[in-house]
Structure formats: structure tokens, C-alpha cells
Amino acid sequence: MIRRRPTTDTPAGIDRRTMLRNGGLAVGVGALLSACAKNFGGDTAPGRVGVADEATSLPDGEINDVVLVRTMQSLEHSVAEALRLMTEAGGYSAALQTYVDRFAADHAANGAALGALAEANGGESYACPNTWFMSRYVEPMYGAVASSDDVQRDCRAATHALETMLAHSYQFLVGLTTEPEHRRQMMLLGASAARRSAMLAAQASAGTHGYLGPSLNAEAPETDGLGFPIPYAVPSTFGRVDQVPVVVGAVDDEGSRFSTTLQTPAENTFVYDYLSC
Amino acid sequence: MNQSPTATDTPDTEHDGLRRRLMAGGLAAAALGVLGSRTASAAPNELSAREMELLRFAQLLELTARDLYDAATAAGAPGPLWEAMSEQHEAYAQAIASITGLSATGRNDAVYDAQVDGFRTDSVLAAHALESAAAATHTELLAHITQAHAAEVIASIVSSESRHCVVLADVAGLGTNLDINLINSADPLELP
């Protein structure tokens, strides 16, 4: 004999088994209906506040040898442009202007050589200054130089810093360049930049502080009595790729001068394939 | 308290054999992955026999320069600058040793013998010629080196030796000569 549990006289509650069965049925039917429902459209993107233009993302830029060559080409043009500005401002002594004229001619020739190298490898020549480098470094530096208490002192310092930055940049990009022949061609120009930097340093400070920088000569100071970095023809044992400090301009109300550090190219400085001028 | 038997408690059934084979396969795949990744990362860092030969040539050139500066100092050349130059070329040879594993000993006797008299008598111009040739040689070397780190080291030496040329020109009283300072007219040494 089977004894059944009485059902009629129990309260109308939901036991655990019923809840699981009915709950599962409800979820299953809901999923089916949801899958079969029509798409009524409408914007599902997060809401925006304000009327600003939509942000546009940059194309993905591949870093390859052509990009690196074009980047150095743009930096050669940037330095040439800086020298032109400082020349027009009368920033060089007659003797130094002779050097600067030669440097400017070298930068033009180097830019052309790099443009030809880019084209020979399927790229496009970029015979313009580097926009990022100009706005971040050259323009503010030139602004400080133009209103300086000693324009010639500052133009000499800025020129040395720019040539040093070029030397560091060429050397730095050797490690990113993949084709050995491209490395060779880049370092031909990098060696020239190192020579220009050393020549300016030797003429500016070798008589007072010697040729060897503080890392090679414990008696060589980093800065002069006014806080300006002292250039050295041989600042260290190995060629460097670090940032180049610059201090120029008049003393401001807070007692300091404009200072910045020129840096070797990075992702934000590279002249990618999709850029042209 | 009783528990249902777990897979580890069961006898070595066909199912368990499959599991073990899958685990073994996974280990093998993992091992291959490790080996593969090592191969992939090691490949760009390996120097070929030809590259080792060229870097040894560069190293010997640096050791030769060191010995030539030492010979000039012994013959009475001005001390601190020549000593610094000697130490720097020694450092370049050591840097090449660090990337090749080649001991920084020996020198290029042919170059040394050809230059030593010049270093003993007119060391500034002889040193300028040697630094120019070394910078040109190392620049040429870059066209034959595929490993990025080795290329970086060689490039840093090129940079520094180019600066040495300017210093030596200035010491020689030619510091304002733009052509001598800005153009390296030296031919690279013939590579082996």
C-alpha cells in the first residue's frame, strides 16, 4: 500500500522542488523569447554630455626602418629651422655664424639623403620639420632665447643642445633599425652630428674646463656659476642616448630661466607612414 | 563520512589512461612552447661566426689604439688626455668582450707596427688619423652586424671616436677648420 502525502489541506505555498522547476522554466522561456524578439534599433552607446566633437583615433602606425629614417629626416629639418630662426634673430657671433651656416647646409644635405633613403625603401620623403618636436622644444626654446638677456650665449647653448640631440637620436635609433645597411647610413650622419656637437663644445668651454666631462674628470663641473650646463667635447666614455638639458632665457620673476630637456625620438615623435607634408 | 570515489581513486581505466595521455601531451606541448620561445628570443641575439670574426677585428683595433696611446705616453706625450683616450679604447674592447664573450687581449700587430712611430713622434696627428680610421671602420662594420645590441655598442663607439677626432684636431690647432672637424675623410680598414 502506498501512502500518499496529503496535498489538499496544505497551505498554498511553494516548496523547493516546485520553485526550482518553475524558475528554470521561466528562465528558459525568457531566453527563448529574448532570442526571438525583434531588434527595435536605438543607440546603445553610453550617453554623452556636452557638444564637443567626437574624438577621432589615430591610425595604427607601424614602426619600421622607413619610419625611423623619416623621423630623422624631420629632425634634421627641425634643427635647420631652429638655426634659421636664431640666425635671423642675430643670435650668433661672426665666427660662430660661419659654423652655423655650414651646419645648416649639412642639415639640408642630410635631410635630402634621408629622403632618398626613405624613397629607395618604398617610403615617402618627409622634407619638413617634425611638428611634435617643433611645438614641444624648438618653439618654446626659441621664445626664451629671443627674449633673453644674452641672446648669443643662449643661441650657442641651444645650437649645441640641438646638435647633441641629433647625435643621441641617430645612435638611439640604431637599436630600433632592423636593416644593417640602414644602421650604417644612419650612423654616418650620427657621427657627423657628434662632430658638430663636439666642435661647439670644444670651442665654447675646452679652454676653461677641458675636453672631458664630469664622468671622466672629477674636477669638471656639470654647470657654471650661473647654472648653465657646460658642454664637453667628450662627455663620457661611450656615445650617449640620454636627454640633453638646455637652460636659456632671461631670469623670470621667480628667479629661474627657461629649461627643458631634449629627448631622443619616441612613439609620439615618429613620422609614421600615414603622415605627409 | 562517505564520499563518492574520485578519479584518482579509480583503477587505471581507459578513461583515466586518456586523461594521462592528455596530460603528457600537455607537458610535451608546454616543453615545446618553452623551447620554441627560447629559440624565438635567442635567434636575434645570436652572433654568426662571421659576426664574431668582425667583432674580434674591431676589438683588436681598440686594443691596438690603447697600446698606441700608451706608447705615446711612454714617449712623453701629454699625460691626462692620452691616458683618458687609452682607457676609453680599453673600455671599448671590454664592451665588445661583453657581447661576444671574447677575451679583451691581444692587438692588431700590423696596425700597431705601422702606427707606433707616428705616435711616438707626432702623436696628435697620428692619433687623429687612427681615430678617424677606427670610426670609419666601425661604421662600415654596422652594415655587417645583424644583432641589435652589438650594433648599439658599435654605434656608441663610433659616436665617441668621432668626438675624439674633434678633440685631437683642436689639440693640433685645427679646431676651427670645418672640413677637418666635420668630415671623416679616412678610409675604413679592410675588414677580414
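Q: What should I know before we start?
A: It's a predicted model, so local features need pLDDT of at least 70, side-chain atom pairs count only at pLDDT 80 or more, and totals for chains, interfaces and linings use all residues. Residues are numbered from 1 along each chain as its sequence is written, and chains are lettered from A in the order in which they are written.

Q: How many cavities of 30 Å³ or more turn up in the whole structure?
A: The search finds 2. A cavity here is a set of points, on a 1 Å grid over the protein atoms alone, where a 1.4 Å probe fits but cannot get out; lining residues have an atom within 4 Å of a point.

Q: What lines the largest cavity?
A: Residues of both chains, including His168(A), Phe238(A), Arg240(A), Ser159(B) and Arg163(B). That cavity holds about 80 Å³ of space.

Q: And which helix gives the largest share of the second largest cavity's lining?
A: H2(A), with 3 residues. Asp65(A), Val66(A) and Leu117(A) are among the lining residues.

Q: Switching to chain B: how many helices and strands?
A: 7 helices and 0 strands. These are DSSP runs, H or I of at least four residues for helices and E of at least two for strands, numbered from the N terminus.

Q: How much of chain B is buried?
A: 44% of its 192 residues, with buried meaning under 20% relative accessible area (1.4 Å probe, protein chains only).

Q: What comes just after H3(A)?
A: Gly122(A), with a positive phi of about 85°.

Key:
Heavy atoms only, no water. Buried < 20%, exposed > 50% of the residue type's maximum accessible area, 1.4 Å probe, protein only. 1 Å grid on protein atoms, 1.4 Å probe; cavity = no way out; pocket = protein on both sides within 12 Å on 5 of 7 lines; lining within 4 Å. Points joined across faces, edges and corners; volume = space filled by probe spheres on them.
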